[in-house]
Amino acid sequence: MNNSVGNTGRVLWAGLRALLVLTLVCGVLYPLAVIGVAQLAFPGKANGSEVTDASGRVVGSELIGQTYHLPLKDGEETASADLKWFQPRPSNGLGANSVNTQYSIILSGATNRSGDNADLIKWVTDAKAAVIKDNSTAGYQVRPSDVPADAVTSSGSGLDPHISPEYAKLQVHRVAERNKLTVAQVDELVAAHTDGRILGFIGEPRVNVLKLNIALKDLVAKG
Amino acid sequence: MSPVLAGVLQLLALLVALGLSYRPLGDYMAKVYSSEKHYKPEKWVYKAVGANPSVEMRWPAYLRGVLAFSAVSVLFLYLLQRVQGSLPGSLGFVSIDPDQAFNTAASFVANTNWQSYYGEQAMGHVVQTGGLAVQNFVSAAVGMAVAVALVRGFARSRTGELGNFWADLVRGVVRILLPISVIGALVLVACGAIQNFSGIHEVGQFTGGAQQWNGGAVASQEVIKELGTNGGGYFNANSAHPFENPNGLSNLFEIYLILLIPFALTRTFGRMVGSLKQGYAILGTMAVIWLGFTALMMWTEFSHHGPAFDIAGGAMEGKETRFGIGGSSIFAVATTLTSTGAVNSFHSSYTGFGGGITMLGMQLGEIAPGGVGSGLYGMLIMAVIAVFIAGLMVGRTPEYLGKKIGTREIKFAACYILVTPALVLGFTAASFVLDTPANSMTNSGAHGFSEILYAYTSGANNNGSAFAGLNADTQWFNSTIGIAMLLGRFLPMVFVLALAGSLAEQTPVPETAGTLRTEKPLFTGLLVGTIMIITGLTYFPALALGPLAEGLAA
């Protein structure tokens, strides 16, 4: 009995020492080495792919989606979309920081609603109606069948930086009207900011909303 | 190019990449676990551990090593979270509550990586990088060690010795997981994954104001999270977060990492038992199930049945634009047919049948190709059962790889396959009998049932993905899922090692004309059938109440 207790103790002690040594290797040396090489070889990417606007101000990351809202008015609970800019996908799953309230970190996440969930059906229906209403102009009527799925659904992270090229094209008439540009000008802008599949088949075609809006701002400034 | 065609081409590219690495990696791993040589840095480690790596262990000693190392790991990780608030480098995050700290410690040590916490607002650098990421390495290496011990049980005769646990553990980390991780992490950074120690900081926004980000050693953790089939994300959104999985290429690369070692281990198995063909038969079984599941998933997601998806015109809820339906479906199947549980899209918002496929993948026991190590030993247990069933049909004592499958062996195999269903179905039933657990559900009806069934399926099978609508940060779920994860990981290991010991003691029986040819495609077919029948009989009633009911109604 004593022998087996002593034996168990010895094995546990060996286990603890193994854990500490492997923690040093995998939890300290390895991540530091990767940080060192990454910071030297890919400093921009390793630090979050930040992008600057024409004036050199950092306006976000090309990988993290943003909202393009009007300032919150008195009595309003949620800010409304600033329709001058291209709009991203909905982000109903994005959470507010609840654990450690000294920060307001963006909490990534999805809605996790199922296809037959009443909330999701309402969100999608409302979003579709809003997309049709917002994007129809005097000379251009959006049909329900024109609205792509990504325009009315929330992404997995809630931070999707992209929209589909179809959703970008849908917004062209509205954006042109609000910025007093021609449809052809904005069309050209969207075409220039549409990325195809990597190597022709990996991933999906997409438009980076932040980069597109930065280019739009430049175009408007140039008149 | 249509999205469907692009999805199929991505699957083909994945097949080619996995095919190219299969032989070199499988042979290399066989060498790693058979070599007599200890490298200099490894000798330092053994010295620090105080273990002689050349001493052979019988199964009880090997098991003691596994359990002692894992027990110490749980305790260490638990304490690390409990004192987080007083540690430097914790970004001001407070200590984790006892029930959640237990759940998380059990989860990462059991290679599950179920997360009831929100990564970016709960865990600082020390816990993430020095605690959780370390378990990503070592829990994977433990799984591989146990698988190799079972393979040695088949390969060796008239001994009982299964190798040395400390040597297998250290070699798995140092010679296999670390080198691939270093290269893989840099590939991910090159794609755009972050790797820094910036902590919480503000970044300007286009329309003014600022966003608050939490930056850390993400790429180095992301790569081992996939390679070691762990799955615990740095961020709450896991591999859907652009900082973890920035583009279509990184997405395909991460799926490749998930499947890399589990598939290649069948080559290692073939090498070590002296018949590559036996390895191919196991590989064939895994590949058939994996490809079949992927095809089904793509079909149901592209055809998007369900009220909300019909209105939206596509099942894009919970999916990222850059991956699309194809890249998301391939990932979802890979992560649930292995013990990974990382997600690049949220399974709760898949179609009814799609959600069912992810659940069924886990319920098969995660063996196609399964977790690193656990996939191989799980599949070999199924092979033992298949051989036994075939033996019953022709009235012969069954044999596999020259070893008799007698009463003792079949008892161990039977106990193995009973553990997880008992945990999954028992805890799911208990959750519905009690009053409060059901309050955690976000969705109601069939999908609400699925949320809880998914949680225990994921926990007991050591997957870690979720129908994340379930609020699992309650004392009930933290405790019971924690227990399910530990029992679901370590009880089967007891039976695997006992079986290995029993096999290694046997004298091999010579092959005769009546021996079942387990290297032939016929056996692969028998094995697929056995897996489907056993899982189907066990889980069909529960699946009928959840995903099948939802899918048929849509």
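**Notebook: B:N164, two chains and a helix pair**

I looked up B:N164 and found it in the loop between α5 (125-155) and α6 (165-191) of chain B. Helices (H or I, at least four residues) and strands (E, at least two) are DSSP runs, numbered from the N terminus. The model is predicted: local features need pLDDT of at least 70, side-chain atom pairs count only at pLDDT 80 or more, and totals for chains, interfaces and linings use all residues. Residues are numbered from 1 along each chain as its sequence is written, while chains are lettered from A and ligands numbered from 1 in the order in which they are written.

**Entry: around B:N164**

(Buried takes 20 or more other C-beta atoms within 10 Å of the residue's own, exposed 12 or fewer, partly exposed in between; C-beta atoms are placed from the backbone.) Leaving out neighbours within four places in sequence, I listed its contacts as B:P53, B:S54, B:V55, B:E56 and B:M57. (Contact means C-beta atoms, placed from the backbone, within 7 Å.) I then checked B:M57: its C-alpha atom is 5.6 Å from that of B:N164, though the two are 107 residues apart along the chain.

**Entry: chain A**

I counted seven helices and five strands in chain A. Its radius of gyration is 24 Å, well over the 17 Å that the globule rule gives for 223 residues, so chain A is more spread out than a compact globule. (The radius is taken over C-alpha atoms; the rule is 2.2 Å times the number of residues to the power 0.38.) I noted that 44% of its 223 residues count as buried.

**Entry: chain B**

I found 17 helices and four strands in chain B. Its radius of gyration is 22 Å, close to the 24 Å from the globule rule for 554 residues, so chain B is as compact as a globular protein of that length. Of those 554 residues, 64% count as buried.

**Entry: α9 and α12 of chain B**

I looked at α9 (residues 276-303) and α12 (residues 352-363) of chain B: their axes come within 9 Å and cross at roughly 160 degrees. (Axes are lines fitted to C-alpha atoms, for helices over the stretch in contact; angles run from 0 to 180 degrees between N-to-C directions.) That makes α9(B) roughly antiparallel to α12(B), a term for angles over 145 degrees. B:F293, B:L296, B:M297, B:T300 and B:E301 in α9(B) meet B:F353, B:G354, B:I357 and B:G361 in α12(B).

How values were computed. Two residues are in contact if their C-beta atoms, placed from the backbone, lie within 7 Å. Angles under 35 degrees count as roughly parallel, over 145 as roughly antiparallel, 65 to 115 as roughly perpendicular and the rest as oblique.
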